[in-house]
Each structure stands twice: as structure tokens, then as C-alpha cells.
Amino acid sequence: MLHFVVPRPFDAIVPRSLPGRPRDRTRISGAAELAPAAGLVAPRTRRASALATAAFPVAVWPANVKMARDWSRRPAPWSGIARARVPGQVPLVVWALHAARPDRPDGRGRPGSGGGAR
């Protein structure tokens, strides 16, 4: 939602090498985050949405690297946050790939998915 409510910080991290206006990229990336998140709710769309959710941090990795470079001279809390975003995307990708796993063939669902044991 922040991509739409407070877009300027996101505009600033769009790599200049990308074609088009940064604001357009910010809006596209905001929609690209929200749509798969909504799809994770429904079991029918969960797998495809989880795979899209995993792909998103990989697609925006260059922006996170640019942000880490651009913010390297800011005060410690801000530069640390920017640097942490780069490796911080890895757990998100792993979680999304885990969520993309199909249900188990015995019908019990994924562990912890609320499918229940028999």
C-alpha cells in the first residue's frame, strides 16, 4: 500500500537504467505486490500467487541494491535498514516457495496449514 500512499521513496530507488517514469514503476511494483498477496488467501490461487510472491523480491533486487548504495552515507539506522533489505529478501522468497508447495497427497494439507491430522 505504501507504493500508492507514499510513493516518493520508492520512486527514488527505481534504477535509472529502467525505461519509463519511476512513478509508473512504483505503481506497477505496488500492484505486483498486492495482487499475489490477495491470491494467497484462496486455496485455488495460492500456488500461483505464492510463486509470483517469490518472484517479486527477485525482480526488485536491483532497487534494493541501489537503495543500499544510495543510503550508505545516511545516519546509521537508515543505512542499516537499507543494507538489511538486500539479504532480508531471501527469507521472503523461501517462505513464498514453501507456501507454493502443493497439498500432500494424503489430503491432510501442508503441515501447519490447518488441514489437521487424521
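A residue is called buried when its relative accessible area is under 20%, exposed when over 50%, and partly exposed in between (1.4 Å probe, protein chains only). The structure is a predicted model, in which local features need pLDDT of at least 70 and side-chain atom pairs count only at pLDDT 80 or more, while totals for chains, interfaces and linings use all residues. Residues are numbered from 1 along each chain as its sequence is written, and side-chain values use heavy atoms, with hydrogens and water left out.

A search of the whole structure gave 3 salt bridges, a salt bridge being a side-chain nitrogen of Lys or Arg within 4 Å of a carboxyl oxygen of Asp or Glu. One of them joins D11 and R23, with 2.6 Å from N to O. This pair links distant parts of the chain, since D11 lies in helix α2 and R23 in helix α3, 12 residues apart; helices are DSSP runs (H or I, at least four residues) numbered from the N terminus. D11 is buried because its relative accessibility is 14%, whereas R23, at 27%, is partly exposed.

In a salt bridge between R21 and D24, the closest N and O atoms are 3.1 Å apart. D24 has a relative accessibility of 32% and therefore counts as partly exposed.

K66 and D70 also form a salt bridge, their closest N and O atoms lying 2.5 Å apart. Both residues belong to helix α5 and are 4 residues apart, so about one helical turn separates them. K66 is buried, at 16% relative accessible area, and D70 is partly exposed, at 44% relative accessibility.

Note on methods:
Helices (H or I, at least four residues) and strands (E, at least two) are DSSP runs, numbered from the N terminus.
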